Each structure stands twice: as C-alpha cells, then as structure tokens.
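Hi everyone, thanks for coming. I'd like to walk you through one model this morning, so please have a look at the screen.

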Amino acid sequence: MQTTYQRRSFLKKLGLLSLATASSTHWLGAAPASKQIGLQLYSLREDIKGNVPGILKQVADIGFKKLEAANYADGKIYGSSPKEIKKMVMDLGMHMQSAHVGGPRDFSGANHTAAMDWWKQAADAHAAVGAEFLIKPSMPKPDTLRELETWCTYYNQVGYIAKEYDLQFGFHNHAREFEKIEGKVMYDFMLENTDPDLFCMELDVYWATKGGYDPVDYLNKYSGRFPLLHIKDEEEIGQSGTMDFAPIFKAAYAQGMKGYYVEVERYNFEPVKSVAMSYEYLANSNYVK
C-alpha cells in the first residue's frame, strides 16, 4: 500500500501537488510534444463512451502522438467507420497505430472459416484506419501444451490474414502467461512456436513484472519479437516507485520497438488527469523518444 508521503513525493516530482486537490476534472500537460508517446485508449474507457471526438481532442492536447484503440465491432471502431475515425485522429495530429481486437472465442472445427472471416473484416477495418498492428488483448490459459500449440497455429493463421492487409498481428500479455504449463512457461512456448513473420508480442511490462519476470530479460532473449510495449504501473506511470522504466526502454529500442502505449487501469484522480500525469512523467524523462 502506498503511503501518503510516497504519493505526495510522486506529485511533487511532477510539479502537480497543487493539482491533486484541484476542483477541475481535467488537466492538460505542457511537456515536450515532440516525443512519440502513445496511449491505449482503454485508459479512458468510460470517458470515451458517447464522447469520442471530445476525448480524442483532450488526448491530443495532452501531447500524445500515437493511439491504440480498444473498441471494435462489426467493422466499426468506437461506433464509427474507419474513415471517420481516421479523419478525427489525423485532424488532431495523431496516428491510430494499433488496436486491441478480441476475436471469436471458438475457432475450431466448423467454426474455423467463420473465425477467419471475422479476422478478415477486422483487418480490413483497421487497415482502413491506418493501423499497423492488430493485437489480441488476452486469451484463456490452456490446460496442456498441446492445446496451447493449437492456439499458436491459430495465431499464425490470423497473422497470415493480417499480413495480407499490411498489418502485424500479435498478442498482449497479462501475468498468467508467465505461469507454467507442463513445466514450460506459457509465454516462452508461444514465442518459440509462432512464426516471427506472422506473429509478434506486445509486451506489457507491468504484467510481466507481476508474473515474476524481468521484461528486460525477455527483450534481450527474444530480440526483435516486441515491436510494441505497454507502459503501465499500479496507477499513474511512476506512481508506485517499483517500476524501473529506464532499462526497459533502453532494451526495447535496441531490439526494434516501433511504438509504446501508456495504459492506466487504476486511478488516484479523474482518469484524464491520471493519463496526463503519466504522459508528463514519461515526457520529462531522458530515456523515451
């Protein structure tokens, strides 16, 4: 549990102590806007409902340059056509670089063709919005390695579809992927049994740490497999004092990172303020570009 002193120290570091008790529900950072800091829009999952243009404007005003979507259904992204969303984002000087897309739960047997058709539609929509990556955000933990191998085959197949639309398909981890199945770490098995040309990993550095593993070790061991990162903390970025982001960024850049996204899942303040504080923390660091 974070102490009051630790929280005050965190706010002082950002120069935001007076804002912590401010009545305003929004705060927009004034940090350098040249850094290519991205945001996973799940961070503002409740705020964005019914106010997509307004929230995107606030995100742009904070200084974010890249976005990762987290809302797709039936060819639409946040309830709008890819063309409409692309214009909103581009007019604000941002790029929808990536998207989290769940996909069908059943892809076996007679359902396989329908699952592949679903991914074709999703790939077409996100290619139209200008995305470069299509990321599956989670999966159940299989009971056996044979079952996990089936998932890996499926991922390669989806990756082939994505590649036809000039997209890179990949997977975003939580902590459970660092558990073992029949004595093998699930995450390692996935990396070793998927085609690097068809499947990548979006490394969530917080969940990897929670799973008991150092993200830097994975970035070094499987160099080139991590074009994207999720930068996350207990609440706002830098808030816990337990995540050492500097060596993570160094290793990520060295192995070819193409984008990274702030994700805030729990907040000390209004979500947009927590997101802005997280941006400020990274923008004022000397290890992000």
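Let me begin with a question: which residues does Gln255 touch, not counting residues up to four places away in sequence? They are Leu219, Tyr222, Ser223, Gly224, Arg225 and Phe226, where touching, or contact, means heavy atoms within 4.5 Å.

Before going on, a word on the ground rules. This is a predicted model, in which local features need pLDDT of at least 70 and side-chain atom pairs count only at pLDDT 80 or more, while totals for chains, interfaces and linings use all residues. Residues are numbered from 1 along each chain as its sequence is written, and side-chain values use heavy atoms, with hydrogens and water left out.

Back to Gln255. You'll find this residue in the loop between helix H9 (245–254) and strand S12 (259–262); helices (H or I, at least four residues) and strands (E, at least two) are DSSP runs, numbered from the N terminus. Gln255 counts as buried because its relative accessibility is 8%. For us, buried means under 20% relative accessible area, with a 1.4 Å probe and protein chains only. The side chain of Gln255 also reaches the backbone oxygen of Phe226, at 2.7 Å; a polar contact here is a pair of N or O atoms within 3.5 Å, where within protein one must be able to donate a hydrogen and the other to accept it, and residues adjacent in sequence count only if both atoms are side-chain atoms.

Now let's follow Phe226. Besides Gln255, the residues that Phe226 touches include Tyr187, Leu191, Met201, Leu203 and Met257, leaving aside those up to four places away in sequence. Phe226 is also one of the five residues that touch the most other members of the largest nonpolar core, which has 88 residues; the others are Met190, Leu229, Phe245 and Leu282. A nonpolar core is a set of buried Ala, Val, Leu, Ile, Met, Phe, Trp, Tyr and Cys residues joined through side-chain atoms within 4.5 Å. Helix H5 (residues 145–164) gives the most to this core, with nine residues. There is a second, separate core of five residues, and Phe133, Cys200, Leu228 and Tyr261 are among them.

What about the fold? The protein has ten helices and twelve strands. Eight of the strands close into a barrel with parallel pairing, in the order S1-S2-S5-S6-S7-S10-S11-S12; two strands pair if DSSP finds at least two bridges between them.

Let's zoom in on S11. Strand S10 (residues 200–204) pairs with S11 (residues 228–231) over three bridges, with Leu203 opposite Leu229 and Asp204 partnered by His230. On the S12 side there are four bridges, again parallel, and His230 stands opposite Tyr261. Both faces of S11 are covered: Leu228 and His230 are buried on one side, Leu229 and Ile231 on the other.

One last stop, helix H2 (residues 52–62). Its buried residues, which include Val52, Ile55 and Leu56, pack against strand S1 (38–40), strand S2 (66–69), helix H3 (82–91) and helix H10 (271–283). At the start of H2, a side-chain oxygen of Asn51 comes within 3.4 Å of the backbone nitrogen of Gly54. Just after the helix, Gly63 has a positive phi of about 130°.

Definitions and conventions. Buried means under 20% relative accessible area, exposed over 50%, partly exposed in between (1.4 Å probe, protein chains only).
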